[in-house]
Amino acid sequence: MLNMLKMLFISLLALISLQICLVYSENSAYTPTQIHLSQWYSPSSMAVMWNTLEATPTTSVLYHRGKCQDLNQRGDFIFVSGGDYKYEGYEGVVHMAVIENLQMGETYCYQVGDSHYGFSASREFRTPSQSSVSIAAYADAGTWGNIVEVLPQLSMDDDVSLVLHAGDLSYGKEESVWDTWGNMVEPVASTHPYMIIPGNWDVKPFAINSFLNRYSMPLHTLRNSKVKEHVSARLARDPPQYYYSFDYGPVHIVMLSSYDPYNTSSAQYEWLAQDLQKANENRAITPWIVAAFHSPMYSSSTGHGGSDLEFRKQIEHLLRKYKVDLTITGHDHGYERTFPVYDGEPLEKGLHRYTNAGTVHILAGTGGATADPWLELPNWSAVRESTWGYTKIKATLYPPTLHVTYLRANNTIGDDFVLLRQSEVVEARSFDFKNSLFILFVFILIIAVVFFVRKGVQKGGLLKQTISPNSSQTRWASEKQFRAGP
C-alpha cells in the first residue's frame, strides 16, 4: 500500500513538473512559433521556418523517417543546422533550415528549436508519391473571417499532403497580424508544404516586408542562394520576381506572380515559356500541369470588375500552347469554375468530365474573406457560389486522371469534375508497351535463329567428320584394322 502511495506521489510530482515545463515553454521568448514548411528546390528537400521572440544560440531541426509514434528516443533523430535573421520592422527572429535527401512517398517526424532552450513538439509531413498525390488550394484568407472554419476542416483531410495558397494571406498592416496569421495556419502549414504566391494585399508597402521575409519559397531567381543569403538576396531585387515552379508527384506546378512584370518582354514571361515547354515534353513523368496566380483570367465577380483581361491577353496563349490543364486563382472572393475555355469562348460544355479539352480555370477565393457579389453569368462559367472552403486536386499518374473537388468548410461538396489525358499519355504508354513487346519478340526470334543455325553448323561438322577420309575417326579406324591384322 505504501509503495503504491509513493508511486502515486511520484507520478503526481512528475505531472506537475511536466505542466510547469510546458507553461514555461509556452511563455518562453525562445519557444518556436508559426512553424511552416515549403518544398525546396527538389521533391527530396524541405524548408522549415519558424519564429522566436529572441535569438537562440542555434537554429536546428531534428527529423526522423517514420511516424512520430514510432520514435523511441531523441537519439533516433537526424540533426540539421540552419540559420536565423531579423528584418526591419519586426522585433522577433525568423529561423530557417533545409532538410535534404528525403525519400519519396514517406512520412517524416520532426522538431525545431535549439539544444539549449529546447525543441517544439513533434510534427509530421509526407513526401509525394510519384503515382498519386492530393493537393488543397485556396486564396484570400485573413484572420477575421471564415478561415477559422476552413483550416480545421483542411487539417482533418488525411489525403492532402500539400497546400497551395494563391495570394492574400493575412491582410495584415502590422507585424502582429502576421503573427496571428502564422499561429492560426500553423496546424496546417507545419504538416504540409505550404506553397504561396503574392496577392495584391501581400505586396502593399506595409505588407511586402513581412510576406517576403516570413515565407521563403524555391524562387527561380534564387535557385543557387544559400539559406542565410536567400532572404537578403530576394529583398535586394526590385521587383521581387516572386515566381517559381516545382514537381509534386505526377503534377508540375507553376506559381506565377500577378505583381511582377509579365508582358512578352519580361523575365517572368520568358521563364514561363521555357518552363511550360519543358513540362509539356515531360508528360510521361508528370502528365499534369497546374498553374496558380492571384489575379484571375476568368471571373464573373464584382470584386475587381470581373476577369483580368490584360493578364489573360499576355499569358493565356502560353497556357493553350503548352496545354496547361488547370489554373488556381483568387483576388475575388467566391468559388467559380469555368468550362475548358480559351479567349473567352468555352471549348466544351460538359459539366463533370473532360478529355484534353483545354484549360479549366478555378477562382478559389474561398479562404474565408468576405464574399463578393456576382456579375451576370457569362457563357464560360460552369459553376459558381458564394461559400468558403478549399479545392482538392487528386492527381494520378496512371491512368492519368485529375479529380478536382470543391469542399465547403461544412464538409459538403460544391463542385466535382474529372480531367483525363487519354489520347496523349495513355496511348503513348500503350504505344511504348507495344513497342517493348515487339522489340522483345524480335530479340527472342534472333536468339532462336542463332541457336538453330549453330545447331545446324554443329551437325554439319559431325557429318563431314564421319565421311571424310582424312578425319580423325577414319584414321583411328584404319589404325585399328592395321593393328589387328588381316
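Q: What makes H6 and H7 roughly parallel to each other?
A: Helix H6 (residues 267–280) and helix H7 (residues 309–321) pack at about 10°, with axes 10 Å apart. Angles under 35 degrees count as roughly parallel, over 145 as roughly antiparallel, 65 to 115 as roughly perpendicular and the rest as oblique. H6 and H7 are therefore roughly parallel. Axes are lines fitted to C-alpha atoms, for helices over the stretch in contact; angles run from 0 to 180 degrees between N-to-C directions. Helices (H or I, at least four residues) and strands (E, at least two) are DSSP runs, numbered from the N terminus.

The model is predicted: local features need pLDDT of at least 70, side-chain atom pairs count only at pLDDT 80 or more, and totals for chains, interfaces and linings use all residues. Residues are numbered from 1 along each chain as its sequence is written, and side-chain values use heavy atoms, without hydrogens and water.

Q: Which residues of H6 meet H7?
A: Tyr269, Leu272, Ala273 and Leu276 do; their H7 counterparts are Gln314, Ile315, His317, Leu318 and Leu319. Contact means heavy atoms within 4.5 Å.

Q: How do you know that S16 and S21 pair?
A: Two strands pair if DSSP finds at least two bridges between them. S16 (residues 326–329) and S21 (residues 360–364) have four bridges, in the parallel sense. One of the partners in S21 is isoleucine 362, facing isoleucine 328.

Q: Why is one side of S13 and of S22 left without a neighbour in the sheet?
A: The open, mixed sheet has the order S13-S14-S15-S16-S21-S17-S22. S13 (244–248) and S22 (381–385) stand at its edges, each with a single partner strand, so one side of each has no neighbour there.
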